[in-house]
Structures are given as C-alpha cells and as structure tokens.
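Please read them with the coordinates open.

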Amino acid sequence: MMILKKITEENFIDAFHLNLAPGQENFVSHPVRSLAQAYVYRKQCQPFGIYEDNTMIGYVMVIYDYDIPEYDIWHMMIDKSQQNMGYGSLALNLVLDYIKTKPFGPSDRVTLTCNKDNIQALHLYKSKGFIETGAVDDEEIELSLTLPHKHANEPIYQMITDFSSPLFQKAFKQYFAELGITVNDWTGLFQEMSEDTTTSAILSTTKDGSLIGFLMLAPLPTTSWFFEETCGFIREFFIFPEFRGQGHGSTLLAAAENHFRSQKICTSILTTDTAPDFYLRHGYQRAHGVRAKNEDAVFIKHLFPLQMQ
C-alpha cells in the first residue's frame, strides 16, 4: 500500500539512490538538489519519500508560499524502475490529501510547473484537475488547482486485511442481511476470512465515521502450460442504501482498480447478476466464454497503466 513518509536522517540516503529515467533530468530535479532547497526553505516546506509497502520508490516536496498564499508541489519523481505502473497518480492523490490538511497555513490553491515536453506528466496533472494558468517560465508551464471544500460525507478509505474490524463486520452483516443470507456463527466466519491472507477489503466511511460501503478484492492467478496472469478479483461490493446514487460506488471501484495497478495487476474481473449496467458504464465488458462457478455473468476490464511523471 502506498504512503508518504517525511524525509529524515533515517531515510534521506534512500532518496539519494532514486534514479530518473534517461532524458528526465531535463524535466525534474533529482532529490539531492531538492533536499538542498528543502534545507533553505525548511520553515515552509516538507519533503517526502513515496513508499510502496516498505520501499521508497519516489520523492516529492510540498512548499507553502506565504506571500500568495498557495501550496506548491516541487520535484515529484518516481524511480525509473517503478514507472508506468500507476504510482505517479496514486502518489499525487496522497500529496493532495496532505495539502488538504493545511499543514503550513490556509489556502485551497495548489500550483506546480511542468516542462512543456513532459507529455506524460502534463496528462497526469490535467487528469487531476490542474489547469494551465498561462504563465510560462522558459520551458516550464504553470498549472494550478483549487481544492474542493470537504463535505461531511466525503469518503475516507481504509485497507482492511484483518476482518475482526468492528466497522467492517457491521458493514458485512448489513450486506448479508440485504442478500437474505443467515449466518449462525459470525465469529467463525470472520476468523475464516481473516485466515485467508490473499483477500483484503477497502472500507469506505465518511469523515464523521458513518459507513458508506466496502469492496472485497483478491489476486486471482491463472496459469496454463504456456501463459500465466494474475487478475484482480472483485469478490464482494456493497454500498449502504442511504449512500447510493451519489457516486460512492464509482469512487470505491476506482480505488480498487488503482490498488490492482499498484500491484502490477492489469486485468480486473468480477461476476454480477444485479448490476451489469453499472460495470459496463465503467469500462467492463462481458467475458463471453468465461464461466463462473456461481453461474453469474463474468465481466472484465483491462487496466492499462496510468501515465505518470
């Protein structure tokens, strides 16, 4: 799972060992130079290592301009060995979430610059809502984003691997109640689920802790004598009735697909007998010729790697 960790004396050497791909030196500064600037602006900036699990795979710095005021994103980069896997998009989401906490001062404006020839990065930033301001410095184009104000029911996602979580259990029991499924031994069921180390869940709640829904997912290896592939299997998917029709299903599905991408999984697969139109709208296709043991229709989607800097 991807997280940001502050650069400290314990991990700054790892940042030095990050490498840009050939030609990217013209687009973004290496962390060595960036950390030197971070020292100069240390009262108004925070450098981060971008981590996938326990490995630093990238770097980014957030700096606050007190004069405007605004938050600026500097020197975001992903190590050359980890590019074209969707990590840039996931990392940018985390950076924006950090800025939303207003760590240095008030402002909803986020600004960055991007070399005009860095087409992949421009595509990424614009996909997140950044708009060109018209300001150009040499080869660098300025882009800006105004952060939306948080609402009480804006989703917060938690990755669940231990199904003893009271919140998850409450959501799962409601899900089974809606399906009309009776369980005599809930304790045993949740223990059995927790022992299945391949399955995890994304739990969606509001800021005030209200349950929105959950999505259970797992890697699904398929092999033959000649080919092998691991698909991302969406096992169970539930949104509480009071939150339906508000886009929460779409955002939770997107979170699952981004998780698959981060695990280098390029195909999402699921079965459904209740919501085929929902999945068709989100790019899934009926997998004719593929049979599921529950006899439900099978749908697949190819998750092409996200473009990133």
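This is a predicted model: local features need pLDDT of at least 70, side-chain atom pairs count only at pLDDT 80 or more; totals for chains, interfaces and linings use all residues.

1. Every value below is computed from it, with local features taken at pLDDT of at least 70.

2. First sheet. Seven strands form an open sheet. Their order is β1-β2-β3-β4-β5-β7-β6, and the pairing is mixed. β1 (2-6) and β6 (131-137) stand at the edges. Each has a single partner strand, so one side of each lacks a neighbour in the sheet. On average, neighbouring strands are turned by 30° against each other, direction ignored.

3. The β5/β7 pair. Strand β5 covers residues 109-115 and strand β7 covers residues 140-146. The two pair in the antiparallel sense, over seven bridges.

4. S144. This residue has its place in strand β7. Is S144 buried or exposed? With a relative accessible area of 10%, S144 falls under the 20% cut-off, so it counts as buried. One is with the side chain of R109, at 3.3 Å. Another is with the side chain of T111, at 3.5 Å. Not counting residues up to four places away in sequence, S144 touches R109, V110, T111, G129, F130, I131 and T133.

5. N26. Look next at the loop between α1 (12-16) and α2 (31-40), where N26 is found. Its relative accessible area is 59%, and the cut-off for exposed is over 50%, so N26 is exposed. How far apart are N26 and D117 in sequence and in space? They are 91 residues apart in sequence, and 9.5 Å apart in space, C-alpha to C-alpha.

6. Another open sheet of seven strands has the order β8-β9-β10-β11-β12-β14-β13, with mixed pairing. Its edge strands are β8 (156-160) and β13 (285-286), each pairing on one side only. β8 pairs with strand β9 (residues 200-205) in the antiparallel sense, over five bridges.

7. Helix α5 (residues 166-179) lies across β8, β9, β10 (211-223) and β11 (228-239). It runs at about 85° to β10.

8. Largest core. Which residues touch the most other members of the largest nonpolar core? They are F168, F172, F214, L215, M216, F237 and L253, out of 38 residues in that core. Elements giving two or more residues to this core are α5, α6 (186-195), β9, β10, β11, α7 (248-262), α8 (276-281) and β14 (297-302). The largest share comes from β10, with six residues.

9. F168 in detail. Leave aside its neighbours within four places in sequence. F168 is then in contact with F163, F190, M193, A201, L203, F214 and M216.

10. Second core. A separate core holds 32 residues. Among them are A91, L92, Y125 and L145.

Note on methods
Residues are numbered from 1 along each chain as its sequence is written. Side-chain values use heavy atoms; hydrogens and water are left out. Two strands pair if DSSP finds at least two bridges between them. Helices (H or I, at least four residues) and strands (E, at least two) are DSSP runs, numbered from the N terminus. Axes are lines fitted to C-alpha atoms, for helices over the stretch in contact, and angles run from 0 to 180 degrees between N-to-C directions. Contact means heavy atoms within 4.5 Å. Buried means under 20% relative accessible area, exposed over 50%, partly exposed in between (1.4 Å probe, protein chains only). A nonpolar core is a set of buried Ala, Val, Leu, Ile, Met, Phe, Trp, Tyr and Cys residues joined through side-chain atoms within 4.5 Å. A polar contact is a pair of N or O atoms within 3.5 Å; within protein, one must be able to donate a hydrogen and the other to accept it, and residues adjacent in sequence count only if both atoms are side-chain atoms.
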